[in-house]
Amino acid sequence: MANICIATTATNNQVILRDYVSGFPKESDLYIAAATVDLRVPPGSMAVLVKNLYLSCDPHSRTRMGKPDPSSPTSMAHAFTIGKPISGFGVAKAIHSCHPNYKTGDLLWGRVGWEEYCVISPTPSSHFKIHHTDVPLSFYTGILGIPGLTAYVGFYEICSPKKGKTVFVSAASGAVGQLVGQFAKMVGCYVVGSASSKEKVDLPKTKFGYDDAFNYKEEQDLSAALKRCFPKGIDIYFENVGGKMLDAVLQNMRTHGRIAACGMISQYNLKESEVLHNTATIVHKRIRVQGFAAVEFFDRYSKFLDFILPHVREGKITYVEDIAQGLENGPSALIGLFHGKNVGKQLVEVARE
């Protein structure tokens with residue numbers, strides 16, 4: 001009888017940070033390298049070897065590409081390491097596990113390395129087992145993952161919306177913005193979004209139910225554009241971009257307005273952040289501004305799933321994805337975020353289940 005050889009290792013392609021980045025990142029700041037991975041984890045290690053299926057491209061990654069500031073413990077802890085795989089959120093399948101809560105074949109989403117295989121040590125605050133597989137697995141990088149939770153917490157909990165309120169969403173066709181607009185329409189709000197191209201402006205109006213949208217690159221005066229869309233002012237602003245747009249919004253906010261800030265992508269590649277000129281409005285109009293991160297609200301994740309899954313299954317919410325095929329196209333997909341190349345939620349398909 002022929003001997004059967006079972007492989008104990010595998011080639012593991014990885015996306016590596018070449019050097020710390022200053023200014024706009026380039027594809028050459030990342031490269032693909034081949035390593036070898038053991039297909040079993042050490043007994044008693046509480047570790048899980050996973051095969052990555054989808055990787056999420058997130059603007060926050062840019063803040064981790066820069067040289068860490070020794071005076072900032074947060075910066076030092078979160079920065080990527082030169083010569084090592086970058087990391088982020090992704091969807092994966094367990095290949096071998098010594099963790100009591102995960103077995104071979106389990107699907108999960110959470111923090112993973114940008115590589116074909118990686119070893120994780122799951123915790124309740126960093127990894128979630130996937131129980132609902134009747135929806136696309138890729139959705140766990142977007143509508144059922146961090147972007148979805150961000151939109152849900154930011155809009156419903158921080159913005160406290162009511163029927164008839166006016167809502168403005170920047171990056172309206174992005175991973176988060178496309179959901180915020182749809183949530184706002186569910187409540188009965190008047191919603192306008194901004195985006196950076198004709199295609200991205202059309203999406204909110206034709207697929208996401210926005211009342212209106214405009215291309216900010218075609219507007220010479222952002223404040224005037226907002227005044228045109230909101231003659232009586234803005235009650236709620238969902239902030240994704242920062243900079244000049246935020247400054248213009250402050251001029252157009254109504255008294256006791258609310259701003260939920262989950263990102264400021266326009267500022268991530270600048271050596272010096274843009275100066276805001278209208279901050280006094282925050283005091284004069286008693287505007288509430290709150291920055292937040294979805295990772296601080298993981299205790300709401302189960303409640304969020306109970307809310308969002310029926311809408312997804314019934315087709316009441318639309319979610320647009322921009323999927324790059326293959327890990328080798330990961331660098332271009334990630335860097336493309338900062339040049340506005342993606343339409344919808346950008347992710348990378350590493351492998352099919």
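Start by selecting residues 107-113, strand β5. Of its 7 residues, 6 are buried, so the strand is largely enclosed by the rest of the structure. Buried means under 20% relative accessible area with a 1.4 Å probe, protein chains only. Strands here are DSSP runs of E, at least two residues, and helices are runs of H or I, at least four, numbered from the N terminus.

The model is predicted: local features need pLDDT of at least 70, side-chain atom pairs count only at pLDDT 80 or more, and totals for chains, interfaces and linings use all residues. Residues are numbered from 1 along each chain as its sequence is written, and side-chain values use heavy atoms, without hydrogens or water.

Two strands pair if DSSP finds at least two bridges between them. Click G90: G110 of β5 stands opposite.

Look for K129 in β7, opposite L108.

Move on to two helices: α5 (residues 222-229) and α6 (residues 243-252). Their axes, lines fitted to C-alpha atoms over the stretch in contact, lie 8 Å apart at an angle of about 45°. Angles between N-to-C directions run from 0 to 180 degrees. α5 and α6 are therefore oblique, the class left after under 35 degrees (roughly parallel), over 145 (roughly antiparallel) and 65 to 115 (roughly perpendicular).

Finally, show the side of α5 that meets α6: L222, S223, L226 and K227. Contact means heavy atoms within 4.5 Å. From α6, select K244, M245, A248, V249, Q251 and N252.

Technical notes: Buried < 20%, exposed > 50% of the residue type's maximum accessible area, 1.4 Å probe, protein only.
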